[in-house]
Amino acid sequence: MKLDLVVRAARILTLDPERPVATALGVLGDRIVGFDEEIAGLEALRTEDFGDATVTPGLIDAHCHTAWWGLGLAAIDLAAARGLDELYAMIAAEVARLDALGDADAWVHGTGFNQSHHDGAFPDIARLDELTGNRPLYLRHTSGHASITNSATLRLVGALDPGFADPVGGVVVRDAAGRPTGLVEEAAQGLVQALLLPYSTARLVDALEAATSRYAAQGITSFTEAGVGGGWIGHSPIEVAAYQAAAESGRLHARAQLMPAIDALRPLAGHAADFAREGAGAGLDLGIRFGFGDELVRFGHVKVFLDGSLLGATAAVTEDYCGHEHNTGYLLDEPAVYRERALAAYRSGWPLALHAIGDAAIDLALDVIEEAQERYGARAVPCRIEHFGIARPDQVERAARLSIAVTPQAGFIGPLGDQMAARVGAERESWLYRGRSIIDAGILLAGSSDLPVADNDLRRGMQAAVDRRTDSGAVLGAAEAITPEEALRTHTEWAARATGQIADKGTLERGKLADLTVFSASPLTAPRIDELEIVATMLGGALSHDARSAAS
């Protein structure tokens, strides 16, 4: 037998306890067939020798927003602005650019706004109107849970009309006199999105190619897109077609697992024995459910937004935010509505992924999952709580009892940790984006970036999980620090288990996909994980990124 590929390196960390380390790995097709002595003497069509580098299972980002980020790569990068004058200058330059193109209807788009870069201040709508005139403006907050608009945009969505009512689960923020400030929170963003949607499949494919080529450079071989096809998080009713088209044309450079937004599901009926004999469920047409697809594009959990963001103080908490008396955030709909819709999806075969950042939202998420499992039985794939941002000790214990997977973002600790700590205060600071207590409780801890809320440099996120250090140098919840090996497992084995894909990825074993990340040194022993380089990335044994060729 002749192998298609042999990979050699000083260290191959398999994360398989039966064979934790190797120096050679054989590939046939896109699957691993053996290691070291198992492939000794076999010829191969190709050999990749990475010398002193370290090979690990391909990195998995278990929760990110790929299309959103890819589309935003062409927008103004507001994350670079420091001070509102600099932000205003960026907007003025973009207006001038659009004027020069002669496109009078073009929108001014920006992404990555964070008020902490401007001493807590938000842009003044009068100044924005002066800069943009009649051009619509749409600036996304880094959290994704708020946007900044101008009067032209608000006029288009009807927010300036007498009798305008905020949509369920969202707010057009107004000042004391009742005038819009330009800030649009949560589901109210859907009013603006409706003016832009749907994006064309061709434009989405371009965005996916731009995004996933950058993923490959970060060592990412798989990702979970946390919401497609509906709600304010979706980009087209046929968004899945864009992923298929990107895969078919060789323009998808990482494996995609797609979470349909619960808004994309519709009532389903079938045989009287279907859907746990309750007569109806909720899902996609033809009963398509979790796991449907192929190795490049596959359906994951159903995504349900319960609350907002911590940075915007819209996440639902049980105690006031610091400096925000009587503000405990809010749920985006009534608990009874969530219960009805989520249970209908679960009994139709969809495991649940519930966005819950505040502890009040986590309480609701736990209630819904517990009822689903008691009524219809536990699934082989665990339900998930996305973010699990402000988790009380009793909630950690309950999540363990229910065998839930959680996806807190360690990558938030550096750039956002100081803001988050200020929001909740010293008494709740140790509850933020936990690590150690989750692992010790026996809960699956899946690593994720939540890109573009934070960047998807997973090495930086893994280092933050280990040292818990914010950009100011403070340590956020020192007792929640985890080991380098655990940090690596969050983005490999544990992410694969939480996404229901451990049979194909997450560890390096015979029969699994040859998805590999090549680090310049071992992430288990390097002084700092975030200082390692990504030498190469392999998808099914094919190079999706090769820094060696770029350097030569």
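Leu28 has Arg31 in strand 3 as its bridge partner. Helices (H or I, at least four residues) and strands (E, at least two) are DSSP runs numbered from the N terminus. This is a predicted model, in which local features need pLDDT of at least 70 and side-chain atom pairs count only at pLDDT 80 or more, while totals for chains, interfaces and linings use all residues. Residues are numbered from 1 along each chain as its sequence is written, and side-chain values use heavy atoms, with hydrogens and water left out.

Strand 2 (residues 21-28) and strand 3 run antiparallel and are joined by 4 bridges; two strands pair if DSSP finds at least two bridges between them. The hairpin has 2 residues between the strands, and Gly29 takes a positive phi near 70° there. Of the 5 residues of strand 3 (residues 31-35), 4 are buried, so this strand is largely enclosed by the rest of the structure. Buried means under 20% relative accessible area, exposed over 50%, and partly exposed in between (1.4 Å probe, protein chains only).

## Helix 6 and its surroundings

Helix 6 has 17 residues and reaches 24 Å from its first C-alpha to its last, close to the 24 Å expected at 1.5 Å a residue; the expected span is 1.5 Å times one less than the number of residues. Its buried residues are Leu204, Val205, Ala207, Leu208, Ala211, Thr212, Tyr215 and Ala216. Seen down the axis of helix 6, these buried residues fall within an arc of 165°, so they line one face of the helix. The arc is that of the directions from the helix axis to the C-beta atoms.

The elements that cover the buried residues of helix 6 include strand 6 (59-64), helix 1 (66-72), strand 13 (220-228), helix 7 (239-248), strand 24 (534-539) and strand 25 (542-546), where contact means heavy atoms within 4.5 Å. Helix 6 is followed by Gly219, which has a positive phi near 85°.

## Backbone exceptions

Most residues other than glycine have a negative phi, and most peptide bonds are trans. Glu186, in strand 12 (residues 180-186), has a positive phi of about 50° and counts as buried at 0% relative accessibility. Ser403 has a positive phi of about 60° and lies in the loop between helix 10 (393-401) and strand 21 (405-407). At 53% relative accessibility, Ser403 counts as exposed.

The peptide bond from Leu197 to Pro198 is cis, with omega near -5°; Pro198 is in the loop between helix 5 (189-196) and helix 6 (201-217). Leu451 and Pro452 are also joined by a cis peptide bond, with omega about 10°, and Pro452 is in the loop between strand 22 (444-445) and helix 13 (458-467).
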